[in-house]
Amino acid sequence: MRADRRAALESDALLAARALVDRMRALYRELERLTDAPISVHRALVCIGNHPGLAASELARQLGMKKPAVSQVLKSLAVRGWIERRRHDGDQRSVQIHATLAGEKILKATAGRAVVTLQRAVRNLSSGDLSRLARGLRSLLVLLPEPSSSSAVPRRRPTAR
């Protein structure tokens with residue numbers, strides 16, 4: 001009976017994990033379609049919008065990304081006109097990142113579409129559920145392999161019809 005219970009729990013956990021991944025993927029795709037920008041750009045823009053004047057190193061820490069990846073995201077944001085970099089008044093070596101009016105407009109238009117949706121859902125969990133979720137996800141992530149860039153399948157961009 002114990003093995004049956006374990007199998008049922010595993011099945012339930014897998015179904016829930018797949019449903020979460022599928023739901024977030026669908027929300028991310030919708031947001032990407034609306035703005036023609038990858039989700040990483042939106043995550044960064046939300047952080048910058050929430051913390052005007054953020055330094056790139058702090059943005060990298062908040063997003064859990066390496067500095068070269070954040071540099072590419074910032075370049076993409078700047079090309080779109082959604083951010084601007086300003087020198088710190090007190091220290092000209094320090095650069096602060098701010099959302100432009102266009103960036104703020106994107107934030108308002110896409111608020112709650114995907115990026116903040118998961119944060120809001122997590123915020124609504126009880127402390128006990130939140131603790132169990134964090135512990136369980138960390139345990140699961142330890143068991144999953146890291147993606148390798150050499151085995152990554154190239155993404156195809158949709159062709160215009």
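Which residues of α1 are buried?

Mentor: Happy to go through it with you. Keep in mind that this is a predicted model. The buried residues of α1 are Met 24, Leu 27, Tyr 28, Leu 31, Glu 32 and Thr 35.

Let's start with the helix itself. Helix α1 covers residues 2-35, which makes 34 residues.

An α-helix has 3.6 residues a turn, so residues three or four places apart point the same way. With that in mind, find Ala 114, which touches Met 24, Leu 27, Tyr 28 and Leu 31, leaving aside residues up to four places away in sequence. Ala 114 sits in the loop between α5 (101-110) and α6 (115-123). Its relative accessible area is 0%, and because buried means under 20%, Ala 114 counts as buried. Another distance to check on your screen is the one from Ala 114 to Arg 43: these residues are 71 apart along the chain, yet their C-alpha atoms are separated by 9.3 Å.

Next, follow α1 to its end. Asp 36 comes after the helix, and its phi is positive, near 55°. That is a positive value in a residue other than glycine. Asp 36 belongs to the loop between α1 and α2 (39-50). With a relative accessible area of 55%, Asp 36 is exposed, because the cut-off for exposed is over 50%.

Of the 161 residues in the chain, 22% are buried. Among contacts with a separation of 6 or more, 50% are between residues 24 or more positions apart. The accessible surface is about 12,400 Å², and 55% of it belongs to carbon and sulfur atoms.

For a view of the surface, turn to the nonpolar patch of about 580 Å² made by Leu 125, Leu 130, Leu 133, Leu 137, Leu 140, Leu 141 and Leu 144. One of these, Leu 130, is found in helix α7 (residues 127-143). Leu 130 is partly exposed, with a relative accessible area of 35%, whereas Ala 114 is buried at 0%.

Note on methods. Residues are numbered from 1 along each chain as its sequence is written. This is a predicted model: local features need pLDDT of at least 70, side-chain atom pairs count only at pLDDT 80 or more; totals for chains, interfaces and linings use all residues. Side-chain values use heavy atoms; hydrogens and water are left out. Helices (H or I, at least four residues) and strands (E, at least two) are DSSP runs, numbered from the N terminus. Buried means under 20% relative accessible area, exposed over 50%, partly exposed in between (1.4 Å probe, protein chains only). Contact means heavy atoms within 4.5 Å. Patches are made of residues with over 30% relative accessible area and no salt bridge: like charges are joined within 9 Å, nonpolar side chains (Val, Leu, Ile, Met, Phe, Trp, Tyr) within 5 Å. Accessible areas come from the Shrake-Rupley method with a 1.4 Å probe; for residues, only the protein chains shown count as cover. A salt bridge is a side-chain nitrogen of Lys or Arg within 4 Å of a carboxyl oxygen of Asp or Glu. The expected span of a helix is 1.5 Å times one less than its number of residues.
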